[in-house]
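I am opening a notebook page on this model.

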Amino acid sequence: MLHASLKTLSQGLASGKYSSVELTQYFLRRIEQLNPTLNSFITVDAQKSLAQASAADAQRAQGRAQPLTGIPIAQKDIFCAKDWLTTCGSKMLSQFISPYDAHVIERFNSAGAVNLGKTNMDEFAMGSSNETSFFGPVRNPWDTERVPGGSSGGSACAVAAGLAPAATGTDTGGSIRQPAAFTGICGLKPTYGLVSRYGMIAFASSLDQGGPMGNSAEDLAMLMPVMAGFDARDSTSLDRPVEDYERDLAKPLSGLRIGLPKEFFAQGTSPEVLNAIEQSIVEYQKLGASIVEVSLPNMALSVPVYYVLAPAEASSNLSRYDGVRYGHRSAQYQTLSELYENSRAEGFGAEVKRRILIGAYVLSHGYYDAYYLRAQKLRRLIAQDFTDAFAHCDVLMGPTSPSTAFKLGEKSNDPVQMYLSDIYTIAVNLAGLPGMSIPCGLDKQGLPIGLQIIGNYFREAQMLNVAHQYQLATDWHQRRSPHFGEALTS
Amino acid sequence: MALTLDEVKQVARLARLAINEEEALATQTQLGHIFNLISQMQAIDVSQIEPMSHAQDLSQRLRDDVVSEVDQRERFQSIAPEVHSGLYLVPKVIE
């Protein structure tokens with residue numbers, strides 16, 4: 001069962017080799033044994049998960065099984081799940097039992113999947129290392145002294161260490177792709193608007209997008225139809241029919257044009273990362289793809305533009321946490337102002353406060369044009385660069401991150417260094433394009449390297465095809481940390 | 001670009017975040033570094049560019065003006081910090 005594909009697990013359930021209850025128990029046992037070391041989950045509720053598993057088994061017995069019926073999926077703790085503690089990695093919501101389901105959770109429930117638990121994350125998804133979580137950092141299974149990336153670090157770790165067959169994530173500036181790269185798994189951020197944000201706790205609404213994380217492109221293709229789909233409760237949800245994301249997996253890659261943006265191969269990126277990317281490009285050429293050099297001339301501006309727009313939207317979104325209707329309330333207050341100010345000062349961590357302050361400042365009187373409006377104008381330039389590049393190629397490729405996983409504490413005291421580590425992922429969110437990361441090598445220290453694949457709008461099926469063909473020819477996606485194997489749980 | 005200590009305190013007040021002197025000083029330094037990064041935006045002439053607020057140029061959907069939510073007051077108030085007789089309690093704001 002360990003690191004088995006979703007298709008294999010689905011077949012195992014269909015053939016009666018094991019039940020969903022047995023499968024769920026297997027992963028719950030791994031979580032129980034390994035989570036104290038990895039801190040990948042914030043909440044595990046065996047009773048709830050097993051009740052869902054047993055309902056899935058009953059559904060199957062009645063002949064009503066769907067592809068994901070009975071398969072346990074770890075849910076990032078940003079998705080509200082009815083009657084589950086839903087914390088978003090924050091002290092502010094550390095006691096928040098959600099009264100409703102996010103659209104994504106509803107979809108997994110109606111697909112018959114089992115909620116395996118809620119995964120750890122950077123507080124309110126603000127971070128690139130999982131160190132800003134109120135519940136402590138997640139450890140990277142490849143080296144527990146290193147970060148798993150963020151903000152979906154708990155989900156990435158859960159898949160990489162075999163605590164879950166697959167997981168959900170969200171990506172505002174790279175939060176699915178970068179942790180996928182750091183832990184050697186696959187992650188897809190869909191086109192903005194494909195996955196409903198209803199019940200997905202808001203960080204920066206014009207950038208936030210949910211997506212799947214798993215062992216292979218094939219697994220992601222199975223998860224996408226469950227996650228994507230129109231939802232009237234999200235005003236930016238796109239009214240499009242749900243696609244069959246597996247339809248193109250088997251297509252050969254002959255004739256594929258891969259664009260290599262020269263800005264992705266700039267100085268400052270680790271030579272070992274660059275070497276692994278170059279090797280994977282060679283592999284793609286063997287598979288019949290041709291290479292085109294392209295340019296995204298304004299890419300360097302994406303970091304400053306993002307750190308205006310995302311905090312501005314965050315300061316507005318997080319104004320709802322006032323200690324009145326739900327969430328943390330300070331014990332120290334006399335006046336209403338003190339109630340607000342103390343509850344928020346106690347409930348939010350340092351990084352969240354920092355971003356709220358940046359956002360409040362750039363939106364404040366007299367500064368709007370200089371910061372927010374200017375950033376929105378530059379956002380159009382950045383998006384236009386991608387449109388121009390896609391006139392010459394089908395997909396873009398480059399590194400997901402300039403380095404492999406860094407050490408815990410290495411960047412946590414230097415926000416600017418941390419922000420710059422998102423250089424290759426942020427522009428994709430600003431443009432609203434789909435992006436994914438797949439494993440393509442290991443560095444000398446044995447740490448995974450991620451290849452980023454960026455597609456044009458709504459080309460997820462093509463990107464999954466491009467990733468799957470590579471995974472048929474190579475085995476990087478099957479490499480797993482030697483420290484958390486089957487022996488531990490057998 | 002550097003923020004003054006008073007600006008840091010003012011923006012914390014606008015954001016309803018209590019901040020003490022020590023935190024304000026540390027924040028001032030960090031925000032200084034971040035705004036230094038952000039100032040790279042000033043190098044480009046943006047006078048001819050339309051702002052982009054969104055990835056897809058969508059218009060807002062309209063819906064019929066009918067009730068779509070059921071009453072869940074008790075459920076929602078069960079997670080509130082302090083309620084009384086169905087009301088959310090806050091300190092007195094009007095004397």
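**Entry 1**

I started in the loop of chain A that runs between β3 (114–119) and α5 (153–160), where A:S151 is found. I checked omega there. The peptide bond from A:G150 to A:S151 is cis, with omega near 10°. I keep in mind that this is a predicted model.

**Entry 2: chain A overall**

I listed the secondary structure next. Chain A has 15 helices and 11 strands. I then looked up its radius of gyration, which is 21 Å. The globule rule gives 23 Å for 490 residues, so chain A is as compact as a globular protein of that length. Along the principal axes, the C-alpha atoms of chain A fill a box of roughly 65 × 55 × 45 Å.

I asked what share of chain A is buried. Buried residues make up 62% of its 490 residues. I also looked at sequence separation. Of the contacts in chain A between residues at least 6 apart in sequence, 76% join residues at least 24 apart.

**Entry 3: the nonpolar core**

I looked up the largest nonpolar core, and it has 162 residues. The residues with the most contacts inside it are A:I73, A:A164, A:V305, A:V308, A:I453 and A:A467. Helix α9 (residues 302–317) of chain A gives the largest share of this core, 9 residues. I note the general background: in soluble globular proteins, nonpolar side chains tend to be buried together.

I picked A:V305 and asked which residues it touches, leaving out those up to four places away in sequence. In chain A they are A:A375, A:L378, A:R379, A:I382 and A:L430. A:V305 also touches B:M41, in chain B.

**Entry 4: an enclosed helix**

I turned to helix α7 (residues 217–227) of chain A. I read through the buried residues of α7(A). They include A:E218 and A:D219. Also among them are A:L220, A:M222, A:L223 and A:M224. Just after α7(A), I found A:G229 with a positive phi of about 140°.

**Entry 5: a covered strand**

I looked at strand β5 (residues 186–189) of chain A. Are its faces covered or open? Both are covered. A:C186 and A:L188 lie on one side, A:G187 and A:K189 on the other, and all are buried.

I then traced the pairing. β5(A) runs antiparallel to strand β6 (residues 210–214) of chain A, with 2 bridges joining them. A:G187 has A:M213 as its bridge partner in β6(A). β5(A) also runs antiparallel to strand β10 (residues 435–442) of chain A, and here 3 bridges join the two. A:L188 has A:M436 as its bridge partner in β10(A).

**Entry 6: positive phi away from glycine**

I looked up two residues of chain A. A:H3 is not a glycine, yet its phi is positive, about 60°. A:H3 sits in the segment before α1 (6–14) of chain A. A:H3 is partly exposed, with 18 other C-beta atoms within 10 Å.

A:N39 is not a glycine either, and its phi is positive, about 60°. Its place is the loop between α2 (20–38) and β1 (41–43) of chain A. Is A:N39 buried or exposed? A:N39 is buried, with 22 other C-beta atoms within 10 Å.

**Entry 7: where the chains meet**

I counted residues across the two chains. In chain B, 41 residues are in contact with 55 residues of chain A. On the side of chain B that touches chain A, α1, α2 and α3 (73–77) of chain B each supply at least two residues. The largest share of that side, 7 residues, comes from α2(B). I sorted the residues of that side by type: 27 are nonpolar, 9 polar and 5 charged.

**Entry 8: helix α1 of chain B**

I finished with helix α1 (residues 5–14) of chain B. Its buried residues are B:V8, B:V11 and B:A12. Seen down the axis of α1(B), they fall within an arc of 105°, so they line one face of the helix. The background is that an α-helix has 3.6 residues a turn, so residues three or four places apart point the same way.

What do the buried residues of α1(B) pack against? They pack against α11 (350–362) of chain A together with α2 (21–38) of chain B. After α1(B) comes B:R16, with a positive phi near 55°.

Definitions and conventions: Residues numbered from 1 in each chain as written. Chains lettered and ligands numbered in written order. Predicted model: local features only at pLDDT ≥ 70, side-chain atom pairs only at ≥ 80, totals over all residues. Buried ≥ 20, exposed ≤ 12 C-beta atoms within 10 Å, placed from the backbone. Helix = DSSP H or I, 4+ residues; strand = E, 2+ residues; numbered from the N terminus. Arc of directions from axis to C-beta. Contact = placed C-beta atoms within 7 Å. Rg over C-alpha atoms; globule rule 2.2 N^0.38 Å. Core = buried A, V, L, I, M, F, W, Y, C linked by C-beta atoms within 7 Å. Pairing = 2+ DSSP bridges. Nonpolar A, V, L, I, M, F, W, Y, C, P; charged D, E, K, R; others polar.
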